[in-house]
Amino acid sequence: MTKNTYDNCIAPDVQLGENVSIAPYTNLYGCTIGNETKIGPFVEIQKNATIGNRCKIQSHTFICEGVSIEDEVMVGHGVMFINDLDPAAVNADGSLKTEADWKCIPTFIKKRASIGSNATILCGITIGEGALVGAGAVVTKDVPPNMVVVGNPARILKERR
């Protein structure tokens, strides 16, 4: 692992592959990071998230619990993943919600997909192998392999070659 001495928070339960590069000001806990992956500054990766080999995770990205990213995926700057379709701070009785009060909905990013800067990826979807999510897109449903999607909500623009 390549690690500098900045203010990184890497919990002891993080599983790091070989030759992982971690930039300053990251927050990693309970996640798995594959070999030769590069993680930019100001990235948070939560527990039970998995990042494959030779991925690039750019700055200011948030990867929440339940996200599985396969090998050779590019995640642009400021990408946000969501794992709850109906978020709320409190239960019906007004009590604060805890982990026991919600269900994590998994999201899958397949090999060699690319996600453009500032995209938002809702939970429960799969972004297919080789697909490209355009910058700023809001992905609300599955993206087929090798397709380019753009917009809010994201829609197919063309096939990626």
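Author: A salt bridge is a side-chain nitrogen of Lys or Arg within 4 Å of a carboxyl oxygen of Asp or Glu. The structure discussed here is a predicted model.

Reader: How many salt bridges does a search of the whole structure find?

Author: Side chains of opposite charge can pair when their charged atoms come close. When the whole structure is searched, the number of salt bridges found is four.

Reader: How many residues apart are Glu-99 and Lys-47, the pair that links distant parts of the chain?

Author: Glu-99 is placed in the loop between β14 (80-81) and β15 (107-109), whereas Lys-47 is in the loop between β8 and β9 (50-51). Distant parts of the chain are thus linked by this pair, and the separation of Glu-99 and Lys-47 is 52 residues.

Reader: What is the N to O distance in the salt bridge of Lys-110 and Glu-70?

Author: Lys-110 belongs to the loop between β15 and β16 (114-115), and Glu-70 to the loop between β12 (67-69) and β13 (74-75), 40 residues apart. Lys-110 is partly exposed at a relative accessible area of 28%, and Glu-70 is likewise partly exposed at 33%. Their side chains meet with an N to O distance of 3.2 Å.

Reader: Which residues are linked in a network of salt bridges?

Author: Glu-72 and Arg-112 form a salt bridge in which the closest N and O atoms are 2.4 Å apart. Glu-72 lies in the loop between β12 and β13, and Arg-112 in the loop between β15 and β16. Arg-112 counts as exposed because its relative accessibility is 52%. The residues linked in the network are Arg-54, Glu-72 and Arg-112.

Reader: Which rings make up the one aromatic pair that the structure holds, and is the pair stacked or edge-to-face?

Author: The structure holds one aromatic pair. Its rings belong to Tyr-25 and Phe-42, with centres 5.2 Å apart and planes at 15°. Planes under 30 degrees apart count as stacked. The pair of Tyr-25 and Phe-42 is therefore stacked.

Reader: How many residues apart in sequence are the parts that Tyr-25 and Phe-42 tie together?

Author: Tyr-25 is in the loop between β4 (21-22) and β5 (27-28), and Phe-42 is in the loop between β7 (38-39) and β8 (44-45). Tyr-25 is partly exposed at 37% relative accessibility, and Phe-42 is partly exposed at 45%. Because the two residues sit in these loops, the parts tied together are apart in sequence by 17 residues.

Reader: How many disulfides does a search of the whole structure find?

Author: Buried Cys-31, at 1% relative accessibility, has its closest cysteine sulfur in Cys-9, and at 11 Å this is too far for a bond. Cys-123 is also buried, at 5%, and its sulfur is 7.7 Å from the closest cysteine sulfur, in Cys-64, again too far for a bond. A disulfide requires sulfur atoms within 2.5 Å. The number of disulfides found in the whole structure is zero.

Reader: Which strands stand at the edges, each with a single partner strand?

Author: Six strands form an open sheet with parallel pairing, in the order β3-β6-β9-β12-β15-β18. At one end, β3 pairs with β6 (residues 32-33) in the parallel sense over two bridges, and Leu-16 has Ile-33 as its bridge partner in β6. A strand with a single partner has one side left without a neighbour in the sheet, so the edges are β3 (15-16) and β18 (126-127).

Reader: Is Ser-59 buried or exposed?

Author: Ser-59 is located in the loop between β10 (56-57) and β11 (62-63). Residues up to four places away in sequence aside, Ser-59 touches Gly-40, Pro-41, Val-43, His-77 and Gly-78. Because its relative accessibility is 12%, Ser-59 counts as buried.

Reader: How far apart in space are Pro-106 and Asp-84, C-alpha to C-alpha?

Author: Pro-106 lies in the loop between β14 and β15 and is partly exposed, at 39%. Beyond residues up to four places away in sequence, Pro-106 touches Gly-66, Cys-123, Gly-124 and Ile-125. Pro-106 and Asp-84 are 22 residues apart in sequence, and their C-alpha to C-alpha distance is 9.2 Å.

Notes: Residues are numbered from 1 along each chain as its sequence is written. This is a predicted model: local features need pLDDT of at least 70, side-chain atom pairs count only at pLDDT 80 or more; totals for chains, interfaces and linings use all residues. Side-chain values use heavy atoms; hydrogens and water are left out. Helices (H or I, at least four residues) and strands (E, at least two) are DSSP runs, numbered from the N terminus. Buried means under 20% relative accessible area, exposed over 50%, partly exposed in between (1.4 Å probe, protein chains only). Contact means heavy atoms within 4.5 Å. Rings of Phe, Tyr and Trp (its six-membered ring) pair if their centres lie within 6.5 Å; planes under 30 degrees apart count as stacked, over 60 as edge-to-face and the rest as tilted. Two strands pair if DSSP finds at least two bridges between them.
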